[in-house]
Each structure stands twice: as C-alpha cells, then as structure tokens.
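Biologist: Please pick one part of this complex and take me through it slowly, from the inside of one chain out to its partner. I'd like the cut-offs spelled out as you go.

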Amino acid sequence: MTPFIKILEIDGFRALTGLRINGFGKVNLITGKNNSGKSSLLEAIRILATGGALRTIYDILNYREEWGAAGDSEKIYSPTDPVPFCNLFNGFPNLSSSSQGFSISATGALPPPISRINVRINWFVRKNDPDRQAYSYEPASSDLFDDAESFPALDLDIGGRKRVIPLDRFQRRFPVRTEADAAPVPCVYLDPFSSRFTSQMGALWDAIALTDAEHEIVKALKVISNDIQAVSMIGSDERNTRPRTAIVKSGRHPAPLPLRTLGDGVNRLFGVILSLCNARNGVLLVDEIENGLHYSVQTEIWRTIFRLATDLNVQIFATSHSWDCVRAFQQAAGDSPEDGVLVRLTARGDRIIPTLFTEEELKIATRDQIEVR
Amino acid sequence: MTGKRVLMVEGPDDEHVVKNLCGARNLGKIDHVHPYGGKDPLIEGIPARLKESDLVALGILLDADTDLHARWEAVAHRLQQAGYGHLPAAPTREGLVIEAPENTLLPRVGIWLMPDNQVPGILEDFLRFLVPAGDPLFAHVEQSVDRIPDGQRRFGDLKKPKAKIHTWLAWQDEPGKPLGQAIRARYLDPDLPAADVFADWLDRTFFAP
C-alpha cells in the first residue's frame with residue numbers, strides 16, 4: 001500500500017533546500033547529528049499534511065519561541081514585523097524581494113489538495129469591493145514606499161488554492177482550531193518533552209476513550225510496567241479545577257495513581273501510543289522519540305509501533321540520535337512485515353543531504369556493524 | 001582527509017596481511033578492516049557500506065578466484081548503481097581508485113582483485129610474490145606439493161598456492177606462523193618490488209589527500 005508520503009521535496013524551508021527524499025516507508029526513523037535538520041523535516045511534513053493550517057505554523061513558531069517571551073526585550077515584535085517568519089525561510093531573505101519562499105511537496109497517497117504547498121511573504125494592499133460588501137488582498141506595487149497602506153502577509157498556494165494571511169493575524173491570541181480539525185488527513189505531532197506533562201494529552205485521550213485504542217495503550221504500557229491494568233484521564237481544562245491528569249490502576253496499589261509517578265519512560269510511551277491511536281489513517285510525527293525510554297524496552301516498543309502502524313494505517317516519522325534507538329528500530333523493522341526506512345540527514349556545506357537505508361540495507365548494516373547515524 | 005577509512009575483505013587472513021603490510025611500509029592506519037566471511041556477503045554488503053556515516057575512503061579487496069571478469073562485474077555493477085558513473089570494463093593493473101562523485105556523501109573507492117588485477121587467483125598467489133626470489137626451500141615445497149600422488153591430494157587446484165605458502169611457513173625456524181605474522185617476521189618480504197603496486201594502491205585509496 002502506498003504510504004501518504006513516498007517522495008518528499010523541500011526547497012527553501014529553514015536549512016532544507018533542494019532536498020529530495022525518495023523512498024519513505026510506513027515507519028521512518030530520521031537520524032543525523034545536531035543541526036542536521038531533523039526537526040525541520042518534521043515541521044515541513046507537518047505543514048504539508050495539515051494543508052498549511054495557520055494553527056500548525058503558529059504552533060511551530062511558538063514551540064521554537066520565535067515570538068519571544070515576555071521580558072525578552074530582544075524579541076518584542078511589532079504586529080506587522082515579519083521577523084519571526086523569516087526563520088521559516090532559508091537564508092533569512094530580504095523581504096523587499098518577494099521572489100524567495102519555500103515549497104514542500106509530496107508524492108504518495110496524500111490527497112492532491114494537500115500534497116504541495118508554496119509559501120512566501122509578500123506585501124499586499126486591501127481592496128474593498130463595496131458592491132459585494134467584500135474585500136480582497138492584492139499584491140502591493142513593487143516600490144514599498146509608494147504604498148503606505150501595504151502590509152506583509154503570508155502568501156500561500158496550497159495544492160493550487162491561493163490564500164493570503166496578513167501577519168498581524170498571527171499576533172493575536174490564536175483560537176483558530178477549526179482549521180487543523182478540518183484537515184483531510186489526521187496529523188499528530190508529539191514534541192520531545194511530552195513526558196513532562198500529561199495535561200496536553202487530554203484532547204487526544206477524549207478522542208479514543210472507551211475505544212479499542214484504550215486497550216492498545218494499556219497493552220503498550222505493560223511493556224515497561226507489567227502492573228498497569230487500566231489508564232484514564234481525569235480533571236478538566238477549566239480554571240480553578242484539577243488540571244487534566246492521566247491516572248493508572250496498578251496491581252500494586254488499591255487506588256489509582258497519577259501516571260506521572262511512574263517515571264519518564266511510561267509517560268513518554270503513553271504520549272507516543274496515544275498519539276499513534278489518534279493518527280489513525282493519517283500521519284504521526286514524533287521528535288526525539290527515545291526521550292525517557294530505557295534501551296532495554298526500546299525494541300519491544302518499536303515492535304508495538306510497527307504493529308499499530310499496520311493496524312491503524314498510520315505513517316510514522318520519528319527522529320532520534322540515540323544509538324540504542326537506531327538499533328532497536330533495526331531489530332523491530334527486521335521482525336515486521338511493514339516497511340521500516342531509516343533516513344540519515346547530513347549537513348555538507350550549506351546543503352542537507354539525505355541517505356536512505358531500506359529495510360534490506362538496514363539488515364545488512366546491522367550484520368556488518370555499519371554506523372548509520 | 002578527516003573521516004573514516006574502511007577496508008572490506010573476505011576473511012581474517014586478508015585482514016592481517018593488509019594490516020602488517022601497512023605497518024611494514026609505514027602507510028598509515030586504516031580505521032577499520034572488516035572481514036566479511038566470504039566474497040558473497042562482501043559483495044552483497046557494498047551498497048550499505050557505501051552509506052556508512054563519515055566514510056571518506058572505502059577499499060574493496062577480493063580474490064579474483066577462477067573468474068576475474070565476473071568478480072569485477074559484480075563489484076562494478078554495485079558501484080554504478082550507487083552513483084559512481086561509468087567504470088572501466090576490466091580492472092586496471094595498478095588497482096582502480098575512483099574519486100568520490102561531487103555533491104554526494106559517497107567515499108573514494110579503491111578496488112583490488114587478488115592477486116594482481118590481471119589473472120585469476122587468490123591472496124596466496126599474491127603472497128607467493130613476497131617469497132624471496134630463488135628461495136631454495138620454496139623450490140622444495142613446490143616439488144613436494146606437486147608430487148602428492150593422485151587420490152591423496154585433498155584440495156582443489158585453486159587452493160594449491162595456499163597449500164604451498166602454508167607448507168613453506170610450516171618449515172621456517174618458527175614453524176606455522178599465520179600469514180600476517182609471517183610478514184612481520186619478514187619470512188614474507190613486504191619490501192619486495194612485487195608488493196609495491198599493492199602498497200601504492202592502498203596508499204592511493206586510503207592515504208592520499
């Protein structure tokens with residue numbers, strides 16, 4: 001079965017330029033040294049698979065703290081300041097030249113409307129149409145000083161559909177959740193530190209509560225802690241109430257325990273499997289998947305991931321730079337009928353160059369003790 | 001060149017011969033000499049090995065055995081598939097070294113088919129060249145091996161040179177040294193001109209800038 005993304009092409013997105021990766025499988029592990037673009041690759045896939053949803057772009061910039069925190073005097077931007085967005089583009093382009101931008105496209109089973117996206121920052125003016133009581137955005141003239149009314153905006157082409165989004169819309173508090181929800185393919189992203197809090201898992205839990213997925217999660221958690229019998233989430237997102245908290249029923253304790261108390265590994269695994277179940281018929285992205293997971297359980301965890309990827313039809317992209325994680329992935333890939341592909345990213349000069357190991361090559365690399373990271 | 005240098009060999013004999021030759025001729029140190037336990041796993045392992053991280057130079061050392069051309073084809077085919085462009089139809093006498101294609105992470109690659117890239121044979125055919133010229137003991141060994149009566153010889157023709165070298169090593173003042181140690185002990189002379197071409201190939205593959 002063709003995966004959602006078989007071939008991925010990225011140009012001008014952060015440090016990724018002229019990048020073409022041909023041959024993704026169902027389960028993909030992305031390795032590489034620091035600053036080789038692993039996280040950027042996940043971000044690019046995320047932007048593409050969510051159809052360029054504003055929510056995604058906002059989350060990405062927010063996660064990288066490119067909006068700046070309060071008290072950070074270096075990073076207070078005016079509402080129309082395009083600086084935070086520049087970081088999405090290769091080479092921090094001079095914004096007065098509108099020729100640069102980034103593009104991401106995929107070949108595979110992703111529906112055509114979200115299989116390619118082009119993004120630029122351009123200057124626009126607002127044109128009112130009094131007859132229809134509507135307005136439209138039109139490109140500003142090339143000489144910025146001629147057009148006092150012009151403002152910078154993201155200029156998007158998503159599978160042929162044009163969108164213009166003034167940058168000041170991003171500066172407001174961002175409640176536009178509906179856009180991500182309407183995505184034709186589910187796309188779930190798990191950041192490197194999901195094990196720190198369980199509260200952010202609330203929405204994911206609600207989506208699978210009392211389904212078979214609950215059973216899968218318990219089964220997976222038993223890999224690390226065999227005493228776990230059931231898991232649930234309590235609390236609410238309302239203020240002044242107990243925050244959403246994952247709890248477990250353990251064979252050793254009469255009362256439920258907060259999952260938090262069982263350690264990083266169990267919490268990370270909870271996040272990974274819960275996210276996987278939410279990505280059914282879609283795409284799962286996990287940054288630094290091995291965080292908190294002891295090497296001795298990683299092979300078994302990868303086996304579970306391979307199995308669920310098949311059962312739930314999820315294409316998985318995970319990053320890691322841990323040797324234990326790579327080895328566990330190699331073992332599990334060899335045991336699974338599903339395609340496991342390892343992609344190493346290497347920075348060479350100002351380019352990022354991908355190297356793919358197919359499952360067959362991974363087997364040989366393991367046999368011959370070849371360093372694949 | 002900073003990065004890793006790896007030599008692929010068939011077995012531990014090749015490994016120890018190369019290591020001792022590098023030492024005796026002060027060539028330098030190859031980071032990893034990997035014995036594959038046979039030619040098939042070695043040839044099959046070429047594509048994955050080419051993708052090893054930080055690899056800058058890769059040597060491929062194989063016995064030509066009975067069919068030099070077939071062996072060459074098998075290696076050349078895999079290198080072409082990996083992106084090395086066109087390779088000559090036959091190995092060159094001095095051992096082929098291909099520079100890394102530009103804008104790739106591929107390493108420089110050197111290929112050597114024992115004994116000399118020109119004739120069928122095995123590692124021990126090459127080592128025969130390192131036996132001092134006119135060595136009377138070796139003449140005696142040759143006669144002895146050649147005169148084994150029909151029906152009593154247990155090895156095939158291809159392995160005859162192997163039988164001779166090991167017999168000869170069995171008759172030194174320290175009998176039975178393995179091949180690598182025989183170089184270190186100078187029974188086999190690594191400074192003979194016959195070793196020059198091979199040493200030069202190692203140098204061009206691994207140590208040239």
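**A sheet, its helices and the partner chain**

Modeller: Helix 10 (residues 323-335) of chain A lies across strand 3 and strand 15 of chain A, and runs at about 155 degrees to strand 3 of chain A. Before going on, a word on the ground rules. This is a predicted model, where local features need pLDDT of at least 70 and side-chain atom pairs count only at pLDDT 80 or more, while totals for chains, interfaces and linings use all residues. Residues are numbered from 1 along each chain as its sequence is written, chains are lettered from A and ligands numbered from 1 in the order in which they are written, and side-chain values use heavy atoms, leaving out hydrogens and water.

As for terms, helices (H or I, at least four residues) and strands (E, at least two) are DSSP runs numbered from the N terminus. Angles run from 0 to 180 degrees between N-to-C directions, with axes fitted as lines to C-alpha atoms, for helices over the stretch in contact. Contact means heavy atoms within 4.5 Å.

Now the sheet under that helix. In chain A, 6 strands make an open sheet with mixed pairing, in the order 9-13-14-3-15-16; two strands pair if DSSP finds at least two bridges between them. Strand 9 (187-190) and strand 16 (351-357) of chain A are at the edges with a single partner strand each, so one side of each has no neighbour in the sheet. Ignoring direction, neighbouring strands here are turned by 15 degrees against each other on average. Strand 3 of chain A pairs with strand 15 (residues 340-348) of chain A over 6 bridges, in the parallel sense. If you want one bridge to find on screen, look for A:G32, whose partner in strand 15 of chain A is A:L345. Helix 9 (residues 295-311) of chain A also packs on this sheet, touching strand 3, strand 14 (315-319) and strand 15 of chain A. Its direction makes about 135 degrees with that of strand 3 of chain A.

From there, let's step across to chain B. There, 16 residues of chain B are in contact with 18 residues of chain A. The two chains bury about 1400 Å² between them, with 53% of it on carbon and sulfur atoms; buried area is the accessible area (1.4 Å probe) that two parts lose on being put together, summed over both. The rule finds 11 residue pairs in polar contact across this interface, both residues at pLDDT 80 or more. A polar contact is a pair of N or O atoms within 3.5 Å; within protein, one must be able to donate a hydrogen and the other to accept it, and residues adjacent in sequence count only if both atoms are side-chain atoms.

There are also 3 salt bridges across the interface, each a side-chain nitrogen of Lys or Arg within 4 Å of a carboxyl oxygen of Asp or Glu. In one salt bridge, the side chains of B:D54 and A:K33 meet at 2.9 Å, N to O. This pair crosses between chains: B:D54 sits in the loop between helix 3 and strand 3 of chain B, and A:K33 in the loop between strand 3 (27-32) and helix 1 (38-49) of chain A.
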